[in-house]
2 protein chains.
Amino acid sequence: MVKRFERNPIITKKDILPSREDWVIECVMNPGVFRFQEKIWLLLRVAERPKQKEGYISLPIYTPDGQTKIIEFDENDPTWDISDPRKFEKDGVTYLSTISHLRLMCSDDGFHFYKPENITDVIQSLGNYETYGIEDCRVCVINEEYHLTYTQVSEFGVGVGLRKTKNWIDFIQHDMIFLPHNKDCAFFEEKINGLYYAISRPSGVGFGGNFIWLSTSPDLIHWGNHKCIMETRQGKWDHQRIGAGTSPIKTIHGWLEIYHGADKNSRYCLGAVLLDLNNPSIVLARSVEPIMEPTEQYELEGFFNNVIFTNGHFVEGDTITMYYGASDEVICGATLSINAILESLNIISIG
Amino acid sequence: MVKRFERNPIITKKDILPSREDWVIECVMNPGVFRFQEKIWLLLRVAERPKQKEGYISLPIYTPDGQTKIIEFDENDPTWDISDPRKFEKDGVTYLSTISHLRLMCSDDGFHFYKPENITDVIQSLGNYETYGIEDCRVCVINEEYHLTYTQVSEFGVGVGLRKTKNWIDFIQHDMIFLPHNKDCAFFEEKINGLYYAISRPSGVGFGGNFIWLSTSPDLIHWGNHKCIMETRQGKWDHQRIGAGTSPIKTIHGWLEIYHGADKNSRYCLGAVLLDLNNPSIVLARSVEPIMEPTEQYELEGFFNNVIFTNGHFVEGDTITMYYGASDEVICGATLSINAILESLNIISIG
């Protein structure tokens with residue numbers, strides 16, 4: 001069902017220059033994927049921080065006007081909780097250990113990626129709601145326009161941002177489309193019964209959890225008719241949190257979505273779900289076991305161990321060419337067969 | 001600025017029958033307010049639970065088909081955290097100690113309320129997203145239709161529901177309008193520059209907080225363009241959480257909104273905020289000190305001490321007749337002067 005690229009990882013932090021000379025890149029991961037001008041493009045998430053001084057930890061924050069502020073503390077300061085490498089806590093306030101922006105790379109064959117010419121390859125935080133960075137961008141094509149849905153992080157919370165572009169030079173930034181706390185948002189690439197659809201992952205406080213919801217929109221800006229279509233499953237591989245990959249793939253059997261699930265130990269695997277073509281709030285089938293688990297060295301160990309996370313792919317016939325972040329540190333690729341996934345969901349039999 | 005009714009509390013649990021003989025009402029509170037057929041109406045929140053057996057605690061849950069399930073446990077069971085009387089926790093899952101529905105009462109003078117005739121006075125949970133109850137309904141009138149925005153609580157989380165009615169007999173229930181975690185939603189009662197507006201209170205996880213956001217809509221169903229207009233304030237009376245009252249009052253100086261704020265000790269006071277008439281994302285003024293604090297016996301002690309919470313009022317000239325829940329247990333009333341509030345915000349001087 002899954003065939004990893006032989007040359008994985010295909011992009012690591014060594015392939016990219018940090019955005020400042022005194023910063024270092026800790027991770028490149030979780031690329032959005034699209035086709036443009038006969039090339040295959042990745043919109044990477046690049047996570048950086050200042051070069052660390054012996055005995056100290058420093059982390060960066062943007063200000064709304066694009067300046068940078070550094071927070072530094074003694075690594076033995078007991079008032080800081082640094083047990084999760086992705087985020088640190090002090091006095092009940094959470095800070096990201098790195099700050100992320102998005103970076104473009106392109107390829108002629110889907111395996112070898114390079115810095116593009118003639119366009120700016122960096123997409124940065126803009127405004128009040130992105131001061132802790134932007135992350136995990138899905139790129140969906142609707143009406144020949146690229147729609148970038150991504151995670152905005154700031155003191156106001158974690159929400160979903162939207163930028164649009166036709167040429168990757170001129171961008172329109174919209175206001176937040178999903179209120180905190182929400183992430184992992186992907187648009188369906190066509191209307192269903194006159195409305196646009198999106199999946200997203202709000203999080204509950206006390207009640208609820210990290211579940212996947214479906215919403216409708218007349219204009220891709222305003223969203224409503226929210227319905228929970230998938231909950232986490234006690235004791236299973238998707239026990240703790242789940243979240244959508246990128247835009248669902250339209251098949252004759254339904255909308256096929258690859259999603260990630262994390263278990264009790266924050267081990268991230270991938271599964272699949274099939275949604276009804278005419279009413280995608282109906283779940284036709286869902287993976288009992290993961291379709292892909294961390295097994296390779298680069299998936300088992302890195303910035304955050306045991307992670308496979310995808311938010312981008314392209315499709316040719318039966319083949320999904322999927323790109324994914326491994327161990328929150330490097331970018332890898334794999335091909336998957338749509339029919340094999342549908343068979344694993346007991347939708348078809350290919351014998 | 002504030003004049004409490006002399007006969008407060010005006011409604012207590014003794015004035016209402018529980019929805020089942022084996023249940024008891026613990027609290028009546030937080031009424032939505034509207035005018036209909038030349039009367040003043042309250043849409044109360046009634047919080048009930050089974051009659052408690054000596055040594056045991058039991059709490060109710062609805063099933064999606066309207067049946068009731070009771071969860072019972074030994075009051076000394078150490079796996080249950082019952083320190084907050086409003087909600088209990090076990091194994092990281094939160095349960096409400098009571099279950100709420102909405103109840104209509106009407107009045108000819110605004111002081112004496114009675115059970116209405118000829119219409120059903122009970123509005124109950126409906127469907128998957130209300131199995132732990134419905135709470136704190138705002139009633140807004142738009143296009144001669146009553147819009148009920150209320151908190152839906154279920155295993156899927158805490159979100160905002162919407163029902164509409166013209167005659168209080170026939171209701172339309174819409175799908176969830178604001179994803180979890182969100183509550184305290186009130187609509188503006190007219191369009192501004194072609195769009196509807198709402199305020200709501202999403203909650204952050206790790207990042208962000210319990211802040212007030214503004215959103216726009218073309219149809220009152222789909223919401224977007226989310227902007228945070230008010231944060232909590234460190235160390236002040238509105239340190240821990242804030243949330244809107246009901247629909248803003250249109251004045252020549254701006255949209256006047258009464259909101260609640262809770263401090264570090266969960267003491268709930270009321271304050272005011274003035275929003276720009278043409279662009280309500282602009283905050284013109286905000287109370288430095290509360291305009292109303294718990295001072296009376298019925299506000300200082302009850303189901304949850306030190307609470308004044310409002311989500312309903314009607315306006316005549318300069319006078320706001322406001323109804324509020326006191327100590328999460330009883331319903332009270334007070335009149336406030338719009339001009340006096342505007343003066344407290346340093347917007348006008350009335351000498």
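A residue is called buried when its relative accessible area is under 20%, exposed when it is over 50%, and partly exposed in between (1.4 Å probe, protein chains only). The structure is a predicted model, in which local features need pLDDT of at least 70, side-chain atom pairs count only at pLDDT 80 or more, and totals for chains, interfaces and linings use all residues. Residues are numbered from 1 along each chain as its sequence is written, chains are lettered from A and ligands numbered from 1 in the order in which they are written, and side-chain values use heavy atoms, with hydrogens and water left out.

Figure 1. A:Ile99 belongs to strand 9 of chain A, which covers residues 99–107; strands (E, at least two residues) and helices (H or I, at least four) are DSSP runs numbered from the N terminus. A:Ile99 counts as buried because its relative accessibility is 0%. Leaving aside residues up to four places away in sequence, its contacts (heavy atoms within 4.5 Å) include A:Trp23, A:Val46, A:Pro60, A:Tyr62 and A:Tyr132. A:Thr151 is 52 residues from A:Ile99 in sequence, and their C-alpha atoms are 12 Å apart.

**Figure 2. The fold of chain A.** Chain A contains two helices and 27 strands. Its C-alpha trace spans about 60 × 50 × 40 Å along the principal axes. Of the 351 residues, 60% count as buried. Among contacts between residues at least 6 apart in sequence, 51% join residues at least 24 apart.

Figure 3. A disulfide is a covalent bond between the sulfur atoms of two cysteines. With a disulfide taken as a pair of cysteine sulfur atoms within 2.5 Å, the count over all chains is zero. The sulfur of B:Cys106 is too far for a bond, because the closest cysteine sulfur, in B:Cys137, is 17 Å away. B:Cys106 is buried, with a relative accessible area of 2%. B:Cys185 is likewise in no disulfide, and the nearest cysteine sulfur, that of B:Cys140, lies 7.6 Å away. B:Cys185 is buried, with a relative accessible area of 2%.
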